[in-house]
Amino acid sequence: MKDEDVVRDIFWSHPDAVKLTNACILVFIIDNTYKTNRYKLPLLDIVGVASAVMTFSTSFVYLEGECLNNIVWALEQFRGIFLRRDAIPQVIVTDRDLTLMNVVKTVFPESTNLLCQFHIDKNVKPKYKTLMGQKNAWDYVMEAWGSLVDCLSEQEFDDCLMKFEISCSP
């Protein structure tokens, strides 16, 4: 068997998911899971957000590896399911996978790449928990953090940021 006859990566998107993707092009969440399936292959999961703040699966991509070329190929396939060339996601949310973030910038340069709040929280909480000795101080910091993350305006953000900085000061 020749090397070019071997399937290396698989991109899958249901026809109904393609229709939804083209109808709801604002926000997409992309996450890569590693070695959690039977074949120990990375699975790239692409999820769209509908206007009713409901999510839908857009695409699944099994990748041969975690290499840059595999991820570039996957996101180029994802870009290919958009029927209009000018119809691209406005926002793409990822974890802090630097390879994925860089590929998003390359394949979707017009899109804004944001970090997932879940992954930010996952990293912030352990960091501050080790710095906070008292339970009531920890609760106060986490309340301030939650307020900061949920801000709806710049003014509210500035107020929350000041509260958060004060709560984190020794």
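Predicted model: local features only at pLDDT ≥ 70, side-chain atom pairs only at ≥ 80, totals over all residues.
**Notebook: aromatics, cores and a pocket**

I started at Phe78, which is buried, with a relative accessible area of 0% (buried is under 20%, exposed over 50%, partly exposed in between, with a 1.4 Å probe and protein chains only). Numbering runs from 1 along each chain as its sequence is written, and side-chain values use heavy atoms, with hydrogens and water left out.

**Aromatics.** I looked for ring pairs next (Phe, Tyr and Trp rings, the six-membered one for Trp, with centres within 6.5 Å; planes under 30 degrees apart are stacked, over 60 edge-to-face, the rest tilted). The count comes to five aromatic pairs. Phe28 and Phe78 are edge-to-face, because their ring centres are 5.3 Å apart and their planes sit at 75 degrees. Phe28 is in strand β2 (residues 27-33) and Phe78 in helix α2 (residues 68-80), so this pair ties together parts 50 residues apart in sequence. I take helices (H or I, at least four residues) and strands (E, at least two) as DSSP runs numbered from the N terminus. Phe28 is buried too, at a relative accessible area of 0%. One aromatic cluster holds Phe28, Phe78, Phe82 and Phe108.

**Cores.** Which residues touch the most other members of the largest nonpolar core? I got Ile30, Leu44, Leu75, Phe78, Leu100 and Phe108, out of 25 residues (a core is a set of buried Ala, Val, Leu, Ile, Met, Phe, Trp, Tyr and Cys joined through side-chain atoms within 4.5 Å). At least two residues of this core come from each of β2, β3 (43-49), β4 (55-62), α2 and α3 (98-107). Another core, of 10 residues, lies apart from it and includes Trp138 and Cys151.

I also checked Asn32 in strand β2. Asn32 is buried, with a relative accessible area of 6%. Leaving out residues up to four places away in sequence, Asn32 touches Pro42, Leu43, Leu44, Leu63, Ile71 and Asp97 (contact is heavy atoms within 4.5 Å).

Among the lining residues I noted Val27, Gln117 and Trp145.

Terms used. 1 Å grid on protein atoms, 1.4 Å probe; cavity = no way out; pocket = protein on both sides within 12 Å on 5 of 7 lines; lining within 4 Å.
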